[in-house]
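Visitor: I would like to learn how to read helix packing in a protein model. Please show me one.

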Amino acid sequence: MNFESLIRGLRTELDNGGLRGSFLVRDLHSGHELGIDPDVQYPIASLIKIPLAAATLERVRRGELDGSTEVEVQPGRITTPGPTGLSRFHHPARVALDDLLYLSTSISDGAAADALFDLTPPEEVTRLLGQWELHGITARHRMRDLTATPAERLDPTEVSLAHSLAITAGTTGNGHPLSQLDVTRANTGSARALVDLLQALWTPSGIPRSIGTRIRELMSNNLLRQRLAPDFVSDASTWASKTGTLLNLRHEIGVVEHADGRAFGIAALTESHVAAANQPEADALMAWVARTLRDQLRRG
(Lines give C-alpha, C1' and ligand atoms only; values in the text may rest on other atoms or scores of the structure.)
Protein backbone atom coordinates (compact mmCIF):
# COMPACT_ATOMS: atom_id res chain seq x y z
CA MET A 1 0.00 0.00 0.00
CA ASN A 2 1.42 3.41 -0.94
CA PHE A 3 1.37 6.34 1.45
CA GLU A 4 -1.46 8.20 -0.28
CA SER A 5 -3.72 5.14 -0.18
CA LEU A 6 -2.88 4.54 3.47
CA ILE A 7 -3.77 8.10 4.46
CA ARG A 8 -7.01 8.03 2.45
CA GLY A 9 -8.00 4.82 4.19
CA LEU A 10 -7.19 6.18 7.64
CA ARG A 11 -9.16 9.37 6.98
CA THR A 12 -12.15 7.26 5.96
CA GLU A 13 -11.91 5.17 9.12
CA LEU A 14 -11.71 8.29 11.28
CA ASP A 15 -14.71 9.83 9.55
CA ASN A 16 -16.72 6.62 9.89
CA GLY A 17 -15.87 6.62 13.59
CA GLY A 18 -17.07 10.21 14.07
CA LEU A 19 -13.59 11.72 14.38
CA ARG A 20 -11.46 14.28 12.64
CA GLY A 21 -7.82 14.07 13.55
CA SER A 22 -4.29 15.38 13.24
CA PHE A 23 -1.60 12.73 13.72
CA LEU A 24 2.17 12.59 13.47
CA VAL A 25 4.53 9.68 14.13
CA ARG A 26 8.28 10.32 13.97
CA ASP A 27 11.30 8.06 14.33
CA LEU A 28 13.20 10.11 16.91
CA HIS A 29 16.58 8.93 15.68
CA SER A 30 16.23 9.02 11.89
CA GLY A 31 13.71 11.88 11.74
CA HIS A 32 11.51 9.99 9.27
CA GLU A 33 7.82 10.66 9.87
CA LEU A 34 4.28 9.98 8.69
CA GLY A 35 1.23 12.04 9.50
CA ILE A 36 -2.28 13.21 8.80
CA ASP A 37 -2.71 16.99 8.75
CA PRO A 38 0.12 17.41 11.30
CA ASP A 39 0.26 21.21 11.11
CA VAL A 40 -3.36 21.95 12.08
CA GLN A 41 -3.59 23.94 15.32
CA TYR A 42 -5.82 22.55 18.08
CA PRO A 43 -6.71 23.63 21.59
CA ILE A 44 -4.55 21.18 23.54
CA ALA A 45 -6.22 21.07 26.97
CA SER A 46 -4.01 19.21 29.48
CA LEU A 47 -1.17 18.64 27.00
CA ILE A 48 0.02 22.12 28.03
CA LYS A 49 1.13 20.56 31.31
CA ILE A 50 4.24 19.15 29.60
CA PRO A 51 5.57 22.61 28.58
CA LEU A 52 4.54 23.86 32.03
CA ALA A 53 6.60 21.12 33.69
CA ALA A 54 9.60 21.91 31.47
CA ALA A 55 9.39 25.63 32.26
CA THR A 56 9.05 24.97 35.99
CA LEU A 57 12.04 22.63 36.01
CA GLU A 58 14.09 25.20 34.09
CA ARG A 59 13.39 27.79 36.78
CA VAL A 60 14.36 25.27 39.45
CA ARG A 61 17.60 24.56 37.56
CA ARG A 62 18.37 28.28 37.46
CA GLY A 63 17.75 28.61 41.20
CA GLU A 64 14.69 30.84 40.76
CA LEU A 65 12.47 28.20 42.38
CA ASP A 66 13.14 25.47 44.94
CA GLY A 67 11.57 22.08 44.38
CA SER A 68 11.24 21.50 48.13
CA THR A 69 9.23 24.70 48.74
CA GLU A 70 5.76 23.95 50.07
CA VAL A 71 2.93 25.67 48.23
CA GLU A 72 -0.54 26.11 49.70
CA VAL A 73 -3.07 24.95 47.13
CA GLN A 74 -6.69 25.94 47.41
CA PRO A 75 -9.20 23.11 46.90
CA GLY A 76 -10.77 22.77 43.48
CA ARG A 77 -14.05 21.43 44.89
CA ILE A 78 -14.90 20.10 41.43
CA THR A 79 -17.63 17.48 41.44
CA THR A 80 -18.12 16.82 37.71
CA PRO A 81 -16.51 13.66 36.26
CA GLY A 82 -12.96 13.93 34.94
CA PRO A 83 -10.68 16.13 37.09
CA THR A 84 -8.29 14.39 39.47
CA GLY A 85 -6.21 14.97 42.60
CA LEU A 86 -6.25 18.34 44.33
CA SER A 87 -8.92 19.50 41.90
CA ARG A 88 -11.38 17.35 43.85
CA PHE A 89 -10.14 18.32 47.35
CA HIS A 90 -12.48 20.13 49.75
CA HIS A 91 -9.78 21.71 51.93
CA PRO A 92 -6.49 23.57 51.34
CA ALA A 93 -3.33 21.46 51.15
CA ARG A 94 0.37 22.21 51.38
CA VAL A 95 2.38 20.40 48.71
CA ALA A 96 6.06 20.64 47.75
CA LEU A 97 6.65 22.14 44.32
CA ASP A 98 8.36 18.97 43.09
CA ASP A 99 5.32 16.93 44.11
CA LEU A 100 3.04 19.38 42.32
CA LEU A 101 4.96 18.48 39.16
CA TYR A 102 4.07 14.83 39.68
CA LEU A 103 0.42 15.59 40.39
CA SER A 104 0.12 17.93 37.41
CA THR A 105 1.92 15.74 34.88
CA SER A 106 1.42 12.12 35.90
CA ILE A 107 -2.18 12.27 37.12
CA SER A 108 -3.20 15.43 35.21
CA ASP A 109 -4.27 17.39 38.29
CA GLY A 110 -5.51 20.80 37.14
CA ALA A 111 -5.30 22.43 40.58
CA ALA A 112 -1.67 21.35 40.89
CA ALA A 113 -0.97 22.73 37.41
CA ASP A 114 -2.53 26.07 38.34
CA ALA A 115 -0.35 26.28 41.44
CA LEU A 116 2.63 25.91 39.07
CA PHE A 117 1.16 28.46 36.64
CA ASP A 118 0.87 30.91 39.56
CA LEU A 119 4.67 30.65 39.85
CA THR A 120 5.43 30.51 36.12
CA PRO A 121 2.64 32.24 34.13
CA PRO A 122 1.53 31.05 30.68
CA GLU A 123 3.42 33.79 28.85
CA GLU A 124 6.67 32.73 30.54
CA VAL A 125 6.06 29.12 29.51
CA THR A 126 5.66 30.26 25.89
CA ARG A 127 8.78 32.43 26.13
CA LEU A 128 10.91 29.55 27.39
CA LEU A 129 9.67 27.28 24.58
CA GLY A 130 10.85 29.91 22.12
CA GLN A 131 14.19 30.14 23.91
CA TRP A 132 14.60 26.40 23.27
CA GLU A 133 13.72 26.94 19.57
CA LEU A 134 10.40 25.15 20.01
CA HIS A 135 7.63 26.90 18.11
CA GLY A 136 3.97 26.22 17.42
CA ILE A 137 2.85 25.73 21.04
CA THR A 138 1.27 28.69 22.84
CA ALA A 139 0.27 28.86 26.51
CA ARG A 140 -2.42 31.50 27.13
CA HIS A 141 -4.42 30.53 30.19
CA ARG A 142 -4.51 28.46 33.38
CA MET A 143 -6.21 25.11 33.74
CA ARG A 144 -9.08 26.50 35.84
CA ASP A 145 -10.38 28.15 32.68
CA LEU A 146 -11.12 24.68 31.30
CA THR A 147 -13.69 24.06 34.03
CA ALA A 148 -15.91 26.94 32.90
CA THR A 149 -17.59 25.20 29.95
CA PRO A 150 -21.29 24.39 29.54
CA ALA A 151 -20.54 20.79 30.62
CA GLU A 152 -19.84 22.03 34.15
CA ARG A 153 -22.97 24.20 34.27
CA LEU A 154 -25.47 21.68 32.94
CA ASP A 155 -27.00 18.73 34.74
CA PRO A 156 -25.02 15.50 34.08
CA THR A 157 -28.03 14.15 32.19
CA GLU A 158 -27.70 17.04 29.73
CA VAL A 159 -23.99 16.70 28.97
CA SER A 160 -24.77 15.83 25.35
CA LEU A 161 -26.03 19.42 24.91
CA ALA A 162 -22.58 20.77 25.82
CA HIS A 163 -20.98 18.42 23.32
CA SER A 164 -23.47 19.43 20.64
CA LEU A 165 -22.53 23.08 21.18
CA ALA A 166 -18.83 22.23 20.99
CA ILE A 167 -19.36 20.33 17.75
CA THR A 168 -21.70 22.70 15.90
CA ALA A 169 -20.63 26.20 16.97
CA GLY A 170 -17.11 26.25 15.51
CA THR A 171 -16.10 28.38 12.52
CA THR A 172 -14.17 27.39 9.41
CA GLY A 173 -11.09 29.18 10.78
CA ASN A 174 -11.10 27.12 13.99
CA GLY A 175 -12.71 29.93 15.94
CA HIS A 176 -15.36 29.14 18.52
CA PRO A 177 -17.70 31.02 20.88
CA LEU A 178 -16.29 28.86 23.69
CA SER A 179 -12.89 30.41 24.40
CA GLN A 180 -11.45 27.04 25.43
CA LEU A 181 -12.07 25.75 21.89
CA ASP A 182 -10.98 28.89 20.01
CA VAL A 183 -7.42 28.56 18.68
CA THR A 184 -6.84 32.31 19.05
CA ARG A 185 -7.68 32.24 22.78
CA ALA A 186 -6.90 28.72 24.02
CA ASN A 187 -3.65 26.94 24.82
CA THR A 188 -2.82 25.60 21.37
CA GLY A 189 -0.40 23.41 19.46
CA SER A 190 -0.10 21.17 16.43
CA ALA A 191 0.84 17.51 16.19
CA ARG A 192 4.15 18.54 14.61
CA ALA A 193 4.96 21.09 17.32
CA LEU A 194 4.14 18.56 20.04
CA VAL A 195 6.32 15.88 18.46
CA ASP A 196 9.09 18.48 18.19
CA LEU A 197 8.73 18.93 21.95
CA LEU A 198 8.90 15.18 22.53
CA GLN A 199 12.01 14.94 20.39
CA ALA A 200 13.64 17.75 22.37
CA LEU A 201 12.86 15.91 25.62
CA TRP A 202 14.10 12.51 24.43
CA THR A 203 17.17 13.46 22.38
CA PRO A 204 19.93 16.08 22.75
CA SER A 205 18.49 19.57 22.29
CA GLY A 206 18.35 23.04 23.79
CA ILE A 207 16.40 21.66 26.75
CA PRO A 208 18.90 20.74 29.50
CA ARG A 209 19.36 17.00 29.89
CA SER A 210 18.22 16.97 33.52
CA ILE A 211 14.86 18.45 32.53
CA GLY A 212 14.33 15.86 29.80
CA THR A 213 15.18 13.06 32.23
CA ARG A 214 12.66 14.26 34.81
CA ILE A 215 9.84 14.77 32.33
CA ARG A 216 10.42 11.37 30.75
CA GLU A 217 10.04 9.89 34.23
CA LEU A 218 6.84 11.84 34.88
CA MET A 219 5.34 10.81 31.54
CA SER A 220 6.27 7.17 32.05
CA ASN A 221 4.24 7.30 35.29
CA ASN A 222 1.12 8.62 33.54
CA LEU A 223 -1.88 7.02 35.24
CA LEU A 224 -4.32 7.75 32.38
CA ARG A 225 -3.67 4.87 30.00
CA GLN A 226 -7.03 4.18 28.38
CA ARG A 227 -6.33 5.87 25.04
CA LEU A 228 -3.15 5.02 23.10
CA ALA A 229 -1.38 2.92 25.73
CA PRO A 230 -3.17 -0.38 24.95
CA ASP A 231 -1.73 -0.33 21.43
CA PHE A 232 1.84 0.57 22.42
CA VAL A 233 2.61 -1.20 25.69
CA SER A 234 4.14 -4.67 25.55
CA ASP A 235 6.88 -6.73 27.17
CA ALA A 236 9.19 -5.42 24.43
CA SER A 237 8.25 -1.73 24.57
CA THR A 238 7.53 1.10 26.99
CA TRP A 239 5.05 3.95 26.61
CA ALA A 240 5.42 7.39 28.21
CA SER A 241 2.62 9.85 27.52
CA LYS A 242 0.25 12.67 28.40
CA THR A 243 -3.44 12.88 27.59
CA GLY A 244 -5.63 15.92 27.02
CA THR A 245 -9.44 15.93 27.07
CA LEU A 246 -11.94 18.76 26.78
CA LEU A 247 -15.55 18.36 25.65
CA ASN A 248 -15.29 16.74 22.19
CA LEU A 249 -11.48 16.94 22.07
CA ARG A 250 -9.44 13.80 22.75
CA HIS A 251 -5.66 14.02 22.53
CA GLU A 252 -2.57 12.09 23.52
CA ILE A 253 1.15 12.54 22.92
CA GLY A 254 3.83 10.08 23.86
CA VAL A 255 6.95 8.11 23.01
CA VAL A 256 7.12 4.36 22.49
CA GLU A 257 10.58 2.89 23.01
CA HIS A 258 11.30 -0.60 21.69
CA ALA A 259 13.71 -3.19 22.97
CA ASP A 260 15.66 -2.91 19.68
CA GLY A 261 16.53 0.71 20.54
CA ARG A 262 14.11 2.43 18.19
CA ALA A 263 11.90 5.19 19.59
CA PHE A 264 8.89 6.89 18.01
CA GLY A 265 7.31 10.19 19.05
CA ILE A 266 3.55 10.19 18.54
CA ALA A 267 0.93 12.93 18.64
CA ALA A 268 -2.78 12.24 18.15
CA LEU A 269 -5.10 15.26 18.29
CA THR A 270 -8.76 14.60 17.56
CA GLU A 271 -12.21 16.12 17.76
CA SER A 272 -15.35 14.03 17.83
CA HIS A 273 -18.53 14.75 15.90
CA VAL A 274 -20.56 12.53 18.23
CA ALA A 275 -22.37 14.36 21.04
CA ALA A 276 -21.43 12.02 23.88
CA ALA A 277 -18.99 12.31 26.76
CA ASN A 278 -18.02 8.64 26.93
CA GLN A 279 -16.71 7.22 23.67
CA PRO A 280 -14.33 4.30 24.28
CA GLU A 281 -14.61 3.44 20.60
CA ALA A 282 -13.06 6.81 19.74
CA ASP A 283 -10.10 6.11 22.03
CA ALA A 284 -9.61 2.72 20.38
CA LEU A 285 -9.83 4.24 16.90
CA MET A 286 -7.27 6.91 17.76
CA ALA A 287 -4.88 4.24 18.98
CA TRP A 288 -5.41 2.08 15.90
CA VAL A 289 -4.67 4.98 13.54
CA ALA A 290 -1.54 5.97 15.49
CA ARG A 291 -0.30 2.39 15.59
CA THR A 292 -0.97 1.88 11.89
CA LEU A 293 1.19 4.91 11.10
CA ARG A 294 3.90 3.68 13.47
CA ASP A 295 3.84 0.20 11.94
CA GLN A 296 4.16 1.61 8.42
CA LEU A 297 7.06 3.86 9.47
CA ARG A 298 8.79 1.04 11.34
CA ARG A 299 8.60 -1.22 8.31
CA GLY A 300 9.67 1.52 5.93
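Predicted model: local features only at pLDDT ≥ 70, side-chain atom pairs only at ≥ 80, totals over all residues.

Visitor: How is a pair of packed helices described?

Guide: Two packed helices are described by the angle between their axes and the distance between the axes. Here, helix α1 (residues 3-16) packs with helix α11 (residues 280-299) at an angle of about 170°, and their axes are 10 Å apart. Helices are DSSP runs of H or I, at least four residues, and strands are runs of E, at least two, numbered from the N terminus. Axes are lines fitted to C-alpha atoms, for helices over the stretch in contact, and angles run from 0 to 180 degrees between N-to-C directions. α1 and α11 are therefore roughly antiparallel (an angle over 145 degrees).

Visitor: Which residues of α1 and α11 meet?

Guide: L6, I7, L10, E13 and L14 of α1 meet L285, W288, V289, T292, L293 and Q296 of α11, where contact means heavy atoms within 4.5 Å.

Visitor: Which residues of α1 are buried, and which are exposed?

Guide: Buried means under 20% relative accessible area and exposed over 50%, with partly exposed in between (1.4 Å probe, protein chains only). L6, I7, L10 and L14 are buried in α1. Seen down the axis of α1, the buried residues fall within an arc of 95° (taken from the directions from the helix axis to the C-beta atoms), so they line one face of the helix. R8, D15 and N16 are exposed on the other side of α1.

Visitor: What do the buried residues of α1 pack against?

Guide: The buried residues of α1 pack against β1 (19-27), β2 (33-36) and α11.

How values were computed. Residues numbered from 1 in each chain as written. Heavy atoms only, no water. Parallel < 35°, antiparallel > 145°, perpendicular 65-115°, else oblique.
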